[in-house]
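I opened the model today to look up helix packing and a few backbone angles. My notes follow in the order I took them.

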Amino acid sequence: MEISEYVKIDEGSREAKYQQIVKSIIHNVVIGNLVIDQKIPSINNFSEELYVSRDTVEKAYNILKKRQVIASIRGKGFYIAKTKLLSKVKILFLVNKLSSYKMRVYNSFVDAIGTNSIVDLHIYHCDESLFLNLLDKHKSAYDYYVVMPHFKTEKQEHTSMPQRVYEALNKISKNRLILLDNATGYNNNQSITVYQDFEKDVYNALKSGVNKICKYNKIILVYPKKAAYPYPKKIPSGVRKFCLEHYLDFEIKDTVHDDIALKKGELYIIIEETDLVNFIRQIRERDYTLGEDIGVISYNDTPLKNVFGISVVSTDFKMMGEKGAKMILNKEKGDFKVPFNFIDRASV
């Protein structure tokens, strides 16, 4: 039986014809209808047999070659190639930085997606050009594209979705795109978005701990404005909104300096780990009692913060990764906001 008899094109499907060809050939190799080293039709012959354009078949063949499903031999044509990864779903996971939080999302995603998938991790360091190069290099080579969209401008400020990134992602089929962590407004319920809402989440988390927080005279947010990996500007907006609503004195500092003027009755909200370590060291040097003389809330939870009794405001990174994977497995679409909480410990 010819290969064209296995490949069926659904004219009424919303899925592109080239993708239908790709999936159909992979499926028939997996179930044994097509075998290793079997010759398949040329692009022109396949085009005529399926009544589709030559460009459609060529696009499908290029994708299959990238996935090592087929191989071309000069002067002889195309053949089914030998590959052990054929039956596995291939996922490209693009993360903006290699932090413990991002890795918790990635690891929980990998655990939840299961052993029938191959997940390739790439770090783009919030760099728009690097991200676009990675996406272009690997376009059409994966079944799904998971993106954690955080970028930086020329002024080292955070941005969610630069225009060129938007245009590049728009070329990916919506049912193959998953956005994690950052709600960009890109989704139209055809793709998957599992996110935290930085401004509202921070505001609501602080509000849930208002009774303890309001015993302090002043709230100081340590927010690095021009970090190597900048943080969303909605974080200080959420803190500011909370302080204004509760008539709390509020200040933003860029970092915790070695000789920072620490005063009793102040509560620090600290984002970066290095600032938190420097803050705790200076508290101890000055014989202040953490949680009584001066308080601290850290941004994003870790096991060490739990052990040392550091209060945090944090999303559930494990759930974020798990939910993204399960939505892929269950073929769900739409938005899911991950819970974000104030975790009260001894430091407030």
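Before I start on handedness, I note the convention: a crossing is right-handed if the near helix is turned clockwise from the far one by less than a right angle, and left-handed if anticlockwise. I also note that this is a predicted model.

**Entry 1: α1 and α3.** I applied the convention to α1 and α3 and found a right-handed crossing. I then looked up the geometry. Helix α1 covers residues 17-30 and helix α3 covers residues 54-66. Their axes lie 8 Å apart, at an angle of about 45°. The two helices are therefore oblique to each other. Next I listed who touches whom. From α1 I noted Lys-17, Tyr-18, Gln-19, Ile-21, Val-22, Ile-25 and Ile-26. From α3 I noted Thr-56, Val-57, Lys-59, Ala-60, Ile-63 and Leu-64. I sorted the residues of this contact into nine nonpolar, two polar and two charged.

**Entry 2: α7 and α9.** I moved on to helix α7 (residues 198-208) and helix α9 (residues 234-245). Their axes come within 7 Å and cross at roughly 40°. This crossing is right-handed. On the α7 side, I found Phe-198, Glu-199, Val-202, Tyr-203, Leu-206 and Lys-207 in the contact. On the α9 side, the contact residues include Lys-234, Ile-235, Val-239, Lys-241, Phe-242 and Glu-245. The contact of α7 with α9 counts seven nonpolar, two polar and five charged residues.

**Entry 3: α10.** Which residues of α10 are buried? I found Asp-275, Leu-276, Asn-278, Phe-279, Ile-280, Gln-282 and Ile-283. I looked for what covers them. The cover includes the strands β11 (218-222), β13 (266-270) and β14 (295-299), and also α11 (303-307). Helix α10 runs over residues 273-285, 13 residues in total. The span from its first C-alpha to its last is 19 Å, close to the 18 Å expected. Just after α10, I noted a positive phi of about 60° at Asp-287.

**Entry 4: positive phi in loops.** I looked up Cys-126 and found phi near 60°, positive in a residue other than glycine. Cys-126 sits in the loop between β5 (117-123) and α5 (128-137). Is Cys-126 buried or exposed? Its relative accessibility is 0%, and the cut-off for buried is under 20%, so Cys-126 counts as buried.

I then turned to Gln-156, where phi is near 65°, again positive in a residue other than glycine. Its place is the loop between β7 (151-152) and β8 (158-159). With a relative accessible area of 27%, Gln-156 is partly exposed.

Note on methods
Residues numbered from 1 in each chain as written. Predicted model: local features only at pLDDT ≥ 70, side-chain atom pairs only at ≥ 80, totals over all residues. Heavy atoms only, no water. Helix = DSSP H or I, 4+ residues; strand = E, 2+ residues; numbered from the N terminus. Expected span 1.5 Å × (residues − 1). Buried < 20%, exposed > 50% of the residue type's maximum accessible area, 1.4 Å probe, protein only. Contact = heavy atoms within 4.5 Å. Axes fitted to C-alpha atoms, helices over the stretch in contact; angles between N-to-C directions. Parallel < 35°, antiparallel > 145°, perpendicular 65-115°, else oblique. Nonpolar A, V, L, I, M, F, W, Y, C, P; charged D, E, K, R; others polar.
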